[in-house]
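This report describes a set of protein chains for a reader new to structural terms. Look at the sequence and the structure first, then read on.

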Amino acid sequence: MEEEDGMNELFNCLSSPSCLVGQLVTGLTYAIFLFLIASGLSIIFGVLNIVNFAHGSLYMLGAYFAYSYTTLFTSKETYWLAFFLIPFGVAGFGAFMEYFFLRPISQRYPKMAERELFHILATYGFLLLLDDVVKIIWGARFFSVSLPPSLSPKISFMGKVFPVYYFFVMAVGLVIAIALWFWLNRTNFGRVVRAAVSNTEIVASLGVNVPALYTRVFALGAWLGGLGGVLALPIRSANPEMGGDILFESFIVVVVGGLGSIWGALIGAIMIGILRSFGILAIPSLELVFAFVLMAIVLILRPRGILGKIW
Amino acid sequence: MKCRGKLLIVALFISIVISLLLPLKDAFSQVEKPPIVLGGLFLLSGRAAVVGLANYHGAILAVEEINAKGGVLGRKFELLARDTKARPDQAVKEATMYIMRDKVDFLYGTAASHEGLAVAEVAEKNKKILISPEVTTDKFTVDNFNRYIFRTDHMNRQEEKSAAVYISRFPYKKWYIIGPDYEYGRDAEKAFKEELKRVKPDAVIVGEGWPKLNEPDYTPHIQKILEVKPEAVYAIFWGGDTIAFIKQAVGFGLFEKTPFFSISGVGDIRVHEALGKDMPVGVHGGVKYWFDYPYTPKNKEFVETYRKRFGEYPSLFVMSSYMGIYFLAKAIEKAGTVETEKVIDALEGLTIDTPMGLVTMRKEDHQVIAPHIWGKTMKDPKYDFLVLGDLQVLPGEKITPSVEEVLNWRKAAKK
Amino acid sequence: MVKPQSLLWVLVILALVVFPLIIKAEFLTFLLTEILIMGLFAMSFNLLLGYTGLLPFGHAGFFGLGAYTLTLLIKKASLPILLSFILSLFIPVLFALVIGYFCIQRVKVYFALLSLAFGQIIFTIIFKWYSFTGGDTGIYSVPRPVLFGWELKSTVAYYYFTLPFVLLSLLLLLMIVRSPFGVILRAIRENPERAEYLAIHVKKYQLLSFLISAFFAAEAGSLFVLFQGYSVPIFAHATKTVEALVMTILGGTYSFIGPIIGAAIVTGLDKILTTYTEYWPLVLGIILLFLALYLPGGVIGLWEKIKVSIKLKGSEGRE
């Protein structure tokens, strides 16, 4: 009975422009958070071949760091400073993780299967560790901040009201996607990274310090995750479970979009974000199942995802 | 690098082991008579911490006050506390360990309705008393009732009856209900729907939203409400969920358009403090305790003592927990022993004096009979958060289902 | 000539059998029962990881399926407990047939992710299907088994119910692993392409291994429900799989009894450390990092290394 009403609601919404817009905006905003985390995950997997289970925790760190920053320093520009600085803090932590823990594992286990296994173990260890460290340092409660004053005014759009902040988030997502594409395809560093993915030995023999490259790429992934956390803080609040919550959905996005592809991550994120928004109308109980079913279908039929490279 | 790395890890490990063992030194301090050990189960992390910490602090205050007066039967209370993370299996694990490993005398706590039901089974299996200051699902004292569990909180039926009585004064007929998708949310909604129909037979539910408990992002649900345009919204959120929902909804202008009624969410002083200037004026909240009422010296003293001890005003979740410990203490005194069966007999029908007034533990369903309060948010120059004003107090007897009704429901549930 | 090792195992098994009669500590019996059950779960996991070279991230799905099949048959279909128990061992294998078939089509990371997806689907369906499975509340008050009219109420009684099942299952696993089938699995683990060249139908063996491990995982799930009396959706969640993973690696993934040793350490530490600290995940996280960096062979691996170095030192002395 609930399901019939749900399908009715869905059709009603699809035929009403204001409802459509409302759900699209919320879906796309959510998609951007997913994209930021998923793109980091995807890049780290694409280049270093590591499934980073701690990636959600890096997102969480971004949110907590931003919270501390905004409560310690209060001025009109606080949020913007946090926005620009905190991701680098998280990137630094990511570099630390890679240099002291993940790189030794890569060097210690020449067999790929073992390497993958122990990378997973190590990143999961970080997930457990960070979730508790956050509780110890900040306490187990959850924290929220208000929308930054410069971005809280409301915009009226097609009969619905939205804070500017939501559009800001979407704009940031778009800028990052373009920047990443540019970096990967038009800069020297990007070219070297792509070459290293194709053939590590040749690149190394050409004098490139591949391990240092890897650390930098991991830091970039962490930077993206941290940025996601900073952006999410005013809307979603910081709590110790936030890392785990978003991790599974990010996996789905990465698989659907294609491991290693940035545009794939964006497309996958948008798909999952919209699925969620409209799914809540149609069959509220099952929207989560659909996401995992989608992941399974993609893995069965086309494991490289929509835009992934052929592995 | 390899040697230094190993040394680092070993040092880290040793320091952690030491810091974990440090608390052990307290175990060797002097005790005269053995303490009465209470195994406390609280929601201590995440959004639920708003409730769990309040339960915990209320219990601590009561325990400290009682111990300062010499304890119960010459023995001090010792309150153990563990985080159940709002997961029933975690709660059951901790409860079982309390009974097996720590040999507690009584189980105290559980707040989330699903974990309460789970631990109730553990209590019955092991013949230990469980006093819950927070579980509100009707099932606790109706369908799943067993002799060993007691509740010093309202049941959903009482709260929803009080809501219906309050709402009957307003002309709103088309309602949207939204709440967390778990035991408590569903049970409360069922009770609300029935009670609403009783006072307003022409009321209609035009939509429902069921986000998961501790949902980070309510925006699709908020959009849905704005789309459906109900005459009023009834929200079953509590604690951190209320804070998150209101924060997100304010940005979309929900409260300017739609009257909002919140059970146990608005009216929680922690919610008011967290929202601060973001809290909308004129939203309705129903609570079992608001610190500024009743205007009795006993209540004033309680608020002051609590403020001095914890640096904040006591919320509704503090009072039920404070009360719970006192019920236990008085019952043990009356029984003259900590023996489970005798304490159960002592608890049944017990009336104690609390800062809220006189509260009775009903014999047939181990349920307290206590008043419920509804009000509206408004500014008050004395405080820098919004207060609950225009208070309507509904006495316990008016909102509590009769013993006959409860027994009938139990019979129906067994079929 | 009786090998000293075999004698050791006989002694250990005897000790397990008589333990609760000698040491009357209910808590320890409780702990040991849980270790046996989780050990079985970890062993089933290691059949895929250590012996076949596959990482099934959704393995807990079968633990959960076993648990819920048992619970639902008892509660909803009112079947007798022992019959429900037997059915709960085989019905999940039917699921494993379908799931396994799809999973083994993929290799390495994709196998792991597909297994994860299926596991989470099982979890989410159980979690959300409130009317059938009790949803996130879970199902409680599952009755204790009744053997010959005698209900197994006490912890000791239940220990003696679990012990034969677990020992028998371990014996079966041991036989499987030592058989030619087991040797082939290991060959597949080392190099699937080479195995394929040797005319071994790799996928068939992988699927069989998947089914066997699902069977034992479901058994562990059912035993756990009968032990603790409840069933919750998290039994099927990836975090449960990670428990098995940690136990396996901590104990030693390349040895037969590694996972059980790991189960003993993790379960013991969990129950004992949680008296002193809220931060068990932190300790576990550090243990994982330490394992990944310095102890890939786990405790058994370390033990083997120590044995070898003792032998070497011994032989050096004699020269």
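## The sheet of chain B

Chain B holds an open sheet of 5 strands in the order 2-1-3-4-5, with parallel pairing. Two strands count as paired if DSSP finds at least two bridges between them. Helices (H or I, at least four residues) and strands (E, at least two) are DSSP runs, numbered from the N terminus. Strand 2 (77-83) and strand 5 (149-151) of chain B are at the edges with a single partner strand each, so one side of each has no neighbour in the sheet. From one strand to the next, the twist averages 20°. Strand 1 (residues 36-42) and strand 3 (residues 106-109) of chain B pair in the parallel sense over 4 bridges. Leu41(B) has Gly109(B) in strand 3 of chain B as its bridge partner.

Helix 3 (residues 88-100) of chain B packs on the sheet and touches strand 1, strand 2 and strand 3 of chain B. The direction of helix 3 makes about 170° with that of strand 1 of chain B. Axes here are lines fitted to C-alpha atoms, for helices over the stretch in contact, and angles run from 0 to 180 degrees between N-to-C directions.

## How the model is read

This is a predicted model, in which local features need pLDDT of at least 70, side-chain atom pairs count only at pLDDT 80 or more, and totals for chains, interfaces and linings use all residues. Residues are numbered from 1 along each chain as its sequence is written, while chains are lettered from A and ligands numbered from 1 in the order in which they are written.

## Two domains in chain B

The domain assignment of chain B gives domain 1 (35-155 + 297-369) and domain 2 (157-293 + 371-399); such bounds come from an automatic or database domain assignment. The C-alpha centres of the two domains of chain B are 26 Å apart.

In chain B, 26 residues of domain 1 are in contact with 27 residues of domain 2, where contact means that the C-beta atoms, placed from the backbone, lie within 7 Å. On the domain 1 side, helix 2 (49-68), helix 4 (113-126) and helix 12 (316-335) of chain B each give two or more residues. That side divides into 14 nonpolar, 9 polar and 3 charged residues. Ala, Val, Leu, Ile, Met, Phe, Trp, Tyr, Cys and Pro count as nonpolar, Asp, Glu, Lys and Arg as charged, and the others, Gly among them, as polar.

## Chain C and its neighbours

Chain C puts 30 residues in contact with 34 residues of chain A. Helix 5 (108-128), helix 11 (238-251) and helix 13 (280-294) of chain C each supply at least two residues of this side. Helix 5 of chain C gives the largest share, 12 residues. By class, the side has 23 nonpolar, 4 polar and 3 charged residues.

The contact between chain C and chain B takes 22 residues from chain C and 21 residues from chain B. The side of chain C that touches chain B has 12 nonpolar, 6 polar and 4 charged residues.

## Nonpolar cores

A nonpolar core is a set of buried Ala, Val, Leu, Ile, Met, Phe, Trp, Tyr and Cys residues joined through C-beta atoms within 7 Å. A residue is buried if 20 or more other C-beta atoms lie within 10 Å of its own, exposed if 12 or fewer, and partly exposed in between.

The largest nonpolar core has 325 residues, and Ala63(A), Val119(B) and Leu288(C) have the most contacts inside it. Helix 2 (residues 17-48) of chain A gives the largest share of this core, 17 residues.

Key. Two residues are in contact if their C-beta atoms, placed from the backbone, lie within 7 Å.
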